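Subject: Structure handover

Hi,

My notes on it follow below.

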Amino acid sequence: MRLTLRVIGIGPGGPRQITLQAIDAMADVDAFLAPEKGTAKSGLLDARRAILDEYAREGHSLVEIPDPPRDREPADYDAEVRRWHAARAELIAGALRDEVGDGGVAAFLVWGDPALYDSTLRIVDDLAARDDLELAVEVIPGVTSASALTAAHRIVANRVGEPIHTTTGRRLAETPAGADANQIVMLDADLTFRHTADPEDHIWWGAYVGTEDEILISGKVGEVTDRIVEARAEARDRIGWIMDIYLLRKSRQ
């Protein structure tokens, strides 16, 4: 079966942060594929629907694909992620066969940019390797949450001549000396900076950046940590899910 599969970056959540290229890429899509993550995260699906209502053509379909269960605290993290990706790919392959059909155009809408801490392109590689699927894959870049964060705070991501290190909360403590001057930290449900940063370090934190629910807090770690913890917990309880990111800058002492 031959079909076109587009991976479209749609930015961190604000509908005005979608690029003209992404809008063009949505124009002739037959079916948009979206993971179904349960009622707690139904707002994520609702946000995708709002984007499609505004930019996709009439008559498109939105195909919800159940998200396979995943062990969040596995003994072997890499192996568990590979298993999870393989299970997702199997379900997506079935949806492509059943919901799109030969010669059709399908698409994923990916938060932020598909190349930055997102698994969709790895899953697409798995799909493209299958004998019964002949895919023409197109990737549309999107505004990253990192660039949306720095724009919202009206800052430059680094001081003059300094590097920028992008990492996750899981790996924050492993950042080598010399690479930790300016760190953009994603996927940090535990707010790991509380245990790794000096109280004099500066943090710029943001949640739901670019949306109507946007929350921004900045200051010295020792002065704003409690505010960030409280704001994050309140927002997650109220909205049901959270997307946040922060820039951590080492102090010059």
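I228 is buried, with a relative accessible area of 0%. Buried here means under 20% relative accessible area, exposed over 50%, and partly exposed in between (1.4 Å probe, protein chains only). I228 sits in helix α7. Beyond its neighbours within four places in sequence, I228 is in contact with L191, F193, I203, W205 and I217. Contact means heavy atoms within 4.5 Å. The C-alpha atoms of I228 and I123 are separated by 34 Å, and the two residues are 105 apart along the chain.

Ground rules. This is a predicted model: local features need pLDDT of at least 70, side-chain atom pairs count only at pLDDT 80 or more, and totals for chains, interfaces and linings use all residues. Residues are numbered from 1 along each chain as its sequence is written, and side-chain values use heavy atoms, with hydrogens and water left out. Helices (H or I, at least four residues) and strands (E, at least two) are DSSP runs, numbered from the N terminus.

Aromatic pairs

How many aromatic pairs does a search of the whole structure find? The search finds 2. Rings of Phe, Tyr and Trp (its six-membered ring) pair if their centres lie within 6.5 Å; planes under 30 degrees apart count as stacked, over 60 as edge-to-face and the rest as tilted.

F193 and Y246 are edge-to-face, because their planes stand at 70 degrees, with ring centres 5.1 Å apart. This pair links distant parts of the chain: F193 is in helix α6 (residues 193-196) and Y246 in strand β10 (residues 244-249), 53 residues apart. F193 is buried at 0% relative accessible area. Y246 is buried too, at 1%.

Y208 and W241 also form an edge-to-face pair, 5.3 Å centre to centre with 80 degrees between the planes. Y208 is in the loop between β8 (202-207) and β9 (215-220), W241 in the loop between α7 (221-239) and β10; they are 33 residues apart. Y208 counts as buried at 2% relative accessibility, and W241 at 14%.

Charges over W84

R70 lies over the face of W84, 4.4 Å from the ring centre. The charged end of R88 sits over the ring of W84 as well, at 4.6 Å from its centre. The test: NZ of Lys or CZ of Arg within 6 Å of the ring centre and within 35 degrees of the ring normal.

Helix packing

The axes of α3 (residues 77-100) and α4 (residues 120-128) come within 9 Å and cross at roughly 60 degrees. Axes are lines fitted to C-alpha atoms, for helices over the stretch in contact, and angles run from 0 to 180 degrees between N-to-C directions. That angle makes α3 oblique to α4. Under 35 degrees counts as roughly parallel, over 145 as roughly antiparallel, 65 to 115 as roughly perpendicular and the rest as oblique. On the α3 side the contact is made by H85, A86, R88, A89, I92, A93 and L96; on the α4 side, by R122, I123, D126 and L127.

Helix α5 and backbone

In α5 (residues 145-153), 7 of 9 residues are buried. Their cover includes β7 (182-186), β8, β9 and β10. Just after α5, R154 takes a positive phi of about 60 degrees, although R154 is not a glycine. R154 is exposed at 73% relative accessibility. Y208 also has a positive phi, about 50 degrees, and is not a glycine.

Best wishes
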